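Visitor: Could you walk me through this model and tell me what stands behind each label you use?
Guide: Gladly, let us take the labels one at a time.

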Amino acid sequence: MSRSDELFARALRVAPGGVHSPVRSFRGVGGSPVFVDSARDASLTDVDGNSYVDFCMSFGPLIHGHSHPAVKAAVVAALDKGWSFGAAEAASLKLAEFIVDRANHVDSIRFVNSGTEAVMSALRLARAATGRDVILKFDGCYHGHTDAMLIRAGSGLAGRAVPDSAGVPAGVTADTLIAPLNDEAALEQIFARRGNEIAATIIEPLPANFGLLPQRRAFLEHLAELCTAHKCLLIFDEVITGFRVAFGGCAEAFGMRPDIVTWGKIIGGGFPVGAIAGRRELMDRFAPNGDVYQAGTLSANPVAMAAGLATLELLTDTDAYERLEELGKRLDAATTGMKEFSLIRRGSLFWLVAAKNAGADVIRSADAIPADATERFARLFGRALAAGVYLPPSAYEIGFLSTAHSPADIGLLARVIADGADAQLA
Ligand SMILES: *Cc1c(COP(=O)(O)O)cnc(C)c1O
């Protein structure tokens, strides 16, 4: 029995499924999970001493890889001053200024502890600002696990025949409408019928939690127009895409102006941070200025703020985005002509989908994903793990490149994919 297996057996006794977030359990790929002991740069080391090139990167926050020295130094310096004050402090001020001064579409920001919390508060803000209750979301977009959003969500639920969660009151989901991605006609219909009841439409502008489902810009613009016409707010959930596809996320990349943005993942540099941001008059609805209650004992934790700032500084002060795009292009080149999988990539986000020639033109919505994608991915995952490559442990989770990856890491991933396909054809 490996040390990982021993630890998992113990974990099963004291935690549901042995884990504290479902995808970590390897249910979607089979086998039992690897227990990580340490991580540095692009590499994970497990408790049995095996090393892996990590393409999961904690599901997105670690855009500079593990244990980046600059982030670590900022964290250690912050720790030296104490780690939670429950009082006004300058660490969150510095991070807020850094973001507001560089992301033109927001003037004010409130820090929370996770992406889920950010979405929860963004929805409350939108409902308060519009005096309406209904929220429109898209099939295949994930917005964290707040009740109203646990409908046709993402990878932790996908492929398991669990369309939503038990324990969500019908009254809550009654106020959530679902639209298909990539379908202007369906949007028109929904807005024609219910548009004047909708407080906000929330979307991942680059959906990245149900595989990677790039949307046409025209579709996003059409959505924005419908929102404006019906006085409904547009929320871009950029928890994954913020600071990744560009510093200002998809809003910057697409030149769009959502009313509210939610951030998470990279903004905390690997520590628990989320944020809601938007125009000042909207954000001023939050307590203590306004009537929308929102609070957190550990919100804007100074250690997490320091990690976030160091992470964002590395993005603006180095050629990080160019390097990520270069690695991405290498991945494109190394994986062209794959026998079994297609690569869908946007910047440093990539998805290996078990479908031949499934370019982004083919798969733009959840229902276009082939039915056997899970099974085929599970085989790839197992082969990759055995060859020292840690992919995200679900067919519906996307992979992440970091500035710590090397061309050799990309080459190894490409070889693993190619070898397996050959073996299967033989
Ligand atoms: C990860 C994610 C969330 C949830 O964030 P947590 O920090 O896991 O609560 C919400 N929305 C999107 C788009 C995400 O990718």
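Visitor: Which residues does Ser4 touch, not counting residues up to four places away in sequence?
Guide: Ser4 touches Pro33, Val34, Phe35, Val47 and Asp48. Contact here means heavy atoms within 4.5 Å. Before we go on, this is a predicted model, in which local features need pLDDT of at least 70 and side-chain atom pairs count only at pLDDT 80 or more, while totals for chains, interfaces and linings use all residues. Residues are numbered from 1 along each chain as its sequence is written, and side-chain values use heavy atoms, with hydrogens and water left out.

Visitor: Why is Ser4 called buried?
Guide: Buried means under 20% relative accessible area, exposed means over 50%, and partly exposed is in between (1.4 Å probe, protein chains only). Ser4 has 4% relative accessibility, so the residue counts as buried. Its place is in helix H1, residues 3-14. Helices (H or I, at least four residues) and strands (E, at least two) are DSSP runs, numbered from the N terminus.

Visitor: What is the phi of Ser67, and is the residue buried or partly exposed?
Guide: Ser67 has a positive phi of about 50° although it is not a glycine. Most residues other than glycine have a negative phi, and most peptide bonds are trans. With a relative accessible area of 35%, Ser67 is therefore partly exposed. You will find Ser67 in the loop between strand S3 (51-54) and helix H2 (69-79).

Visitor: How do you know whether Phe243 is buried or exposed?
Guide: Its relative accessibility is 0%, so Phe243 counts as buried. Phe243 also has a positive phi, near 65°, in a residue other than glycine. Its loop runs between strand S8 (233-237) and helix H8 (249-254).

Visitor: What is the omega of the peptide bond from Ala287 to Pro288?
Guide: Omega is near 10°, and the bond is cis. Pro288 sits in the loop between helix H9 (280-283) and helix H10 (302-317).

Visitor: What makes S11 and S14 edge strands?
Guide: Two strands pair if DSSP finds at least two bridges between them. An open sheet of three strands has the order S11-S12-S14, with antiparallel pairing. Strand S11 (342-346) and strand S14 (399-400) each pair on one side only, and they are the edge strands. Helix H11 (residues 320-335) packs on this sheet, touching S11 and S12.

Visitor: How many bridges pair strand S12 with S14?
Guide: Strand S12 (residues 349-353) and S14 pair in the antiparallel sense over two bridges. Leu349 has Phe400 in S14 as its bridge partner.

Visitor: What is the strand order in the open sheet of four strands?
Guide: The order is S1-S2-S3-S13, and the pairing is mixed. Its edge strands are S1 (36-40) and S13 (389-390). S1 and strand S2 (residues 43-46) run antiparallel and are joined by four bridges. The bridge partner of Ser38 in S2 is Thr45.

Visitor: What volume does the largest cavity have?
Guide: The largest cavity has a volume of about 50 Å³. On a 1 Å grid over the protein atoms alone, a cavity is a set of points where a 1.4 Å probe fits but cannot get out, and a pocket is an open set with protein on both sides within 12 Å along at least five of seven lines; lining residues have an atom within 4 Å of a point. Grid points are joined across faces, edges and corners, and a volume is the space filled by probe spheres set on the points. The structure holds one cavity of 30 Å³ or more.

Visitor: Which residues line the largest cavity?
Guide: The lining consists of Phe350, Trp351, Leu352, Phe377, Leu391, Pro392, Glu397 and Gly399. S12 provides the largest share, three residues.

Note on methods: Axes are lines fitted to C-alpha atoms, for helices over the stretch in contact, and angles run from 0 to 180 degrees between N-to-C directions.
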